[in-house]
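Here is a short report on one protein model. Please keep the structure open while reading.

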Amino acid sequence: MSWTPWIADATRPKYLALVQALETDIESGALQDGDRLPPQREIAEALGVTIATITKAFREAIQRGIVTARTGSGTFVRIGGNSIDANEPSFDLSLNNVPARPAKPFLDEALHEMGSRRSSETLCCYTPATGTDQQRANMAKWLRRRGLTAPSSDVLLTHGGQHGLAACFSALTQPGDTVLCERWTYTGIRRLAEMYGVKIEGVAMDSEGLVPDQLAKKLASTSAKLLICTASVQNPTTASMSADRRRAIVAQCQKHSATIVEDDIYGALSGDETPPLAALAPQSVIHISSLSKCLAPGIRLGAILAPEKYQSSLRDALVTLQWTGPTLWAEMFGIMLENGSAERCVIANQKEALKRLDLYTAVTRAKPSTRLASYHVWQAIPSSWQPDNLVSELLAVGVRVSPAHHFATQEDHGNDRWIRICLGGGDNIDALKSQLAKLHSVLTSKPKFSTTIA
């Protein structure tokens, strides 16, 4: 068929505007289930955008379940999302997920115990938005595993790490402010910045993450007063700061009177024993943690550990964003903390993550970007490939990965030759092995003259 999208909203990112056009035409009936979309290059030429933009839009549409890519055939409209396409990958390397199997026995036990020990009136009623005293004490005890010894009064419970980040944007920024973060950053930060009208600027990175002298230059040139960063197994790069690097980052922020928001979502899973930034400067670092990457992604329980001067504004933001506390998850976690299964669950996930990193090395013959436990890796692209063409060729064989530009804070096409590969998107190890074999085959092959999906 011939389909030319009409981009109605010029204020949105172009790739999202294209996805919106797809959804609009599906709703109106202009596109029917099974309709084959034009090649990516054809759409790019019609709209005057890059192939990268179209690839990003198609990936977003696949994630929303409104299109599907069929190996060797093209991209097709998919309405309903309930049918199973034999050509769809059974293991998605683009989703930074945590497999279910390592945690299952511990979660099943905790759910059973909670059902026998907690009443529905306790679990399904309004509770303080930042947690009860006991729930906050439990989280304070858990944070001591990370070398953080703050009193429970400094701990605010959240409905996951993203809830904590949103509260920081709400409490600490105004529209038009500039916030610093890593050169490549978690896409949730970019979404929050857009929602709150905040400009984010990336700071140059190396194998340890943020580069201190580059951070100093950015702090001076932008007058930014807020830095959001990850010190342990950063997403997407898996960079982890040494103790010296952490001290240097803290020193630069203190010199420029800037507050650090430390996103430590991967800290517990990684097994990184280097003290967090918040342990080095508890009065100038806001520490965010979550259980989603070390226990299970559906457990929407996290915490903000913040100095007293930020407590009031952060508490108000959390109440505004979520009227009641994460009671069910907090009570379940309390049981797991009490019987020791929370710790055992983390260990099980660490062992599984390290096992998958070994599999990644065995199949792809590539050295993982981190030696710490991680369900994602950061892989350089061979010089023979252009990033857009590589991603398109991988999609053509049923492999989804995330290119560097999905995480970029600014365009830098000479420095975007990386892809993020996620290893935790399912429990089928054979499916993971198959996906990695396809990935290796494409990475080590010569590019075709045209690798767009036709």
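## Basis

This is a predicted model: local features need pLDDT of at least 70, side-chain atom pairs count only at pLDDT 80 or more, and totals for chains, interfaces and linings use all residues. Residues are numbered from 1 along each chain as its sequence is written, and side-chain values use heavy atoms, with hydrogens and water left out.

Helices (H or I, at least four residues) and strands (E, at least two) are DSSP runs, numbered from the N terminus.

## Nonpolar cores

A nonpolar core is a set of buried Ala, Val, Leu, Ile, Met, Phe, Trp, Tyr and Cys residues joined through side-chain atoms within 4.5 Å. Buried means under 20% relative accessible area, exposed over 50%, and partly exposed in between (1.4 Å probe, protein chains only).

The largest nonpolar core holds 55 residues. Those with the most contacts inside it include Met 139, Trp 142, Phe 333 and Met 336. Helix α14 (residues 327–339) supplies the largest share of this core, six residues. Another core, of 25 residues, lies apart from it; Leu 165, Leu 226, Ile 286 and Tyr 310 are among its members.

## Helices α6 and α14

The axes of α6 (residues 133–143) and α14 come within 10 Å and cross at roughly 50 degrees. Axes are lines fitted to C-alpha atoms, for helices over the stretch in contact, and angles run from 0 to 180 degrees between N-to-C directions. α6 is therefore oblique to α14. Angles under 35 degrees count as roughly parallel, over 145 as roughly antiparallel, 65 to 115 as roughly perpendicular and the rest as oblique.

In contact (heavy atoms within 4.5 Å), the α6 side includes Met 139 and Trp 142, and the α14 side includes Phe 333 and Leu 337.

## Helix α16

Seven of the ten residues of α16 (residues 387–396) are buried, so this helix is largely enclosed by the rest of the structure. Among the buried ones are Pro 387, Ser 392 and Glu 393. Gly 398 follows α16, with a positive phi near 85 degrees.

## Two buried serines

Ser 240 sits in the loop between β8 (226–229) and α10 (243–255). Its relative accessible area is 19%, so Ser 240 is buried. Its side chain reaches the backbone nitrogen of Val 233 at 2.8 Å, a polar contact (N or O atoms within 3.5 Å, one able to donate a hydrogen and the other to accept it; residues adjacent in sequence count only if both atoms are side-chain atoms).

Ser 289 is in strand β10 (residues 285–290). Ser 289 is buried, at 9%. Leaving out residues up to four places away in sequence, Ser 289 touches Leu 143, Gly 161, Gly 302 and Ala 303.
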